[in-house]
Amino acid sequence: MAEQGDADGTGEAGQQPAKPRKNGVAPQVSDELAENMKQGWADTERHDLEPVPQAEHTARRRAALSARFPGERLVVPAGRLKTRSNDTEYPFRAAVEYAYLTGDQTENGVLVLEPAGEGHDATLYLLPRSDRENGEFWLSGQGELWVGRRNSLTEAARLYGLPVEDIRTVPDLLRGASGPVRVVRGHDTVVEEALRDKVTAERDEEFREFLSEMRLVKDDFEIAELTRACDSTARGFEDVVRALDRAQATSERYIEGTFFLRARVEGNDVGYGTIAAAGPHATTLHWVRNDGPVRPGDLLLLDAGVETTELYTADVTRTLPVSGRFTELQRRIYDAVYEAQEAGIAAVRPGAKYRDFHTAAQRVLTEKLVEWGLIDGPVERVLELGLQRRWTLHGTGHMLGMDVHDCAAARRETYVDGTLEPGMCLTVEPGLYFQADDLTVPEEYRGIGVRIEDDILVTEDGNVNLSAALPRRADDVERWMAELRG
């Protein structure tokens, strides 16, 4: 990676002159070089841009937001780059609320809805093109010569279908704001400081809750993106199966890297840290170290999802026999989880309570634990006391969308205590996990973890499994693996 020039960043998007880098090899810029760098650049303005595909959807979403908070100024920031170490940053991912309402994904952006008449005037504030007159484009570490071209404000207005202004005006604009204001917190300290004496935590939390609840029911654009994410994810799982021999020669990281390649080629990234858990690591719910061995005879629990370029993610889990065939005990545990998932999926339908699919899956798993003699019945007593949770551990699913655990800020009454509606998308993911040091189960169970997870769309008359391209039944899994491995 090249050292970023001979000067540091330029403050608020080029307002301040570039500062010499402490250990730059050429800390001074001659007048002749500065003048030379101003000249001889072609005009690259693009005049034939069409609105992004989701522009009509983002406009409708902003209208719904406007109707909910009449007469109030609403501020939704994209967020800022976060330092990874020294002068390197983490890859930027726009705040979900901002991307959902604008379609834009660039850092530092801010959406402001100003009260106007019966509604609001929405304005998007972005960084303009790098300034070539003051040298910001090549002297700043975030100048376009270093990190790439960004849209002009005119181009952005065409793409996103709303007025776009210079982000550098926002702090003064917000400091001078009067009347009620709400802001999405946690993404931009500059914005929050400008509004410090104008907002309250209670009102901002209500704002955040509403923005989360807006995403509970997906529109056609979102459903298409989730379908695309699941399709790419299925191909990523196929890639992993084909590479299992190489993973056995290396580690779980080969599996992680194999899936990541598919995510980067067909999407934006992985939607969350890939869980590539082989052997006893499969009993750790969020095993993301992925540094353990992959051994024949063990199970591989792969929990992974491709995130599309529009930031919608799949979330799929398959538990695979590394050797290609389940042992008798592995199959018994796997079949129990499969049966529980079948019961959970069958409970997903419009008008059902959100909790129903969890209740259905937990009952099946509890029946199996009692049947195997791992816990004393009756089943109703075990469920009432939650004793099965020693081995089932987690909820059976969650909402899915632009966040892997989508709509997490929604109120309980609209989410976990709510009712399913057509357009909602959720995971169904029961599991059984027998820890390697659990002395309450027979030794042969210890170190076995199984989870099966699919992404389920609620429809008008039931549900659709968006990740159905990947087999789930044990026989089908073995046949599928054999075909892929030749």
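This is a predicted model: local features need pLDDT of at least 70, side-chain atom pairs count only at pLDDT 80 or more; totals for chains, interfaces and linings use all residues.
Colleague: What makes Glu155 and Arg149 a salt bridge?

Modeller: Their closest N and O atoms are 2.8 Å apart. A salt bridge needs a side-chain nitrogen of Lys or Arg within 4 Å of a carboxyl oxygen of Asp or Glu. The pair therefore qualifies. Glu155 itself is buried, at 0% relative accessibility.

Colleague: How many salt bridges does the structure hold?

Modeller: There are 44. In another of them, the side chains of Arg93 and Glu307 meet at 2.8 Å, N to O.

Colleague: Why is it said that this pair ties parts together?

Modeller: Arg93 lies in the loop between strand E3 (88-89) and helix H3 (96-102), and Glu307 in strand E11 (residues 306-307), so the parts joined are 214 residues apart in sequence. Helices (H or I, at least four residues) and strands (E, at least two) are DSSP runs, numbered from the N terminus.

Colleague: How do you know whether Glu307 is buried or exposed?

Modeller: Its relative accessible area is 3%, so Glu307 is buried. Arg93, at 32%, counts as partly exposed.

Colleague: Which residues touch the most other members of the largest nonpolar core?

Modeller: Leu65, Tyr98, Leu111, Ile255, Ile333, Leu432 and Phe434, out of 95 residues. Helix H10 (residues 220-242) gives the most to this core, with 8 residues.

Colleague: What makes a set of residues a nonpolar core?

Modeller: The members are buried Ala, Val, Leu, Ile, Met, Phe, Trp, Tyr and Cys residues, joined through side-chain atoms within 4.5 Å. In soluble globular proteins, nonpolar side chains tend to be buried together.

Colleague: Which residues is Ile255 in contact with, leaving aside neighbours within four places in sequence?

Modeller: Val240, Leu244, Ala247, Ala276, Val294, Leu300 and Leu302. Contact means heavy atoms within 4.5 Å. A second, separate core has 17 residues, including Val348 and Phe357.

Note on methods: Residues are numbered from 1 along each chain as its sequence is written. Side-chain values use heavy atoms; hydrogens and water are left out. Buried means under 20% relative accessible area, exposed over 50%, partly exposed in between (1.4 Å probe, protein chains only).
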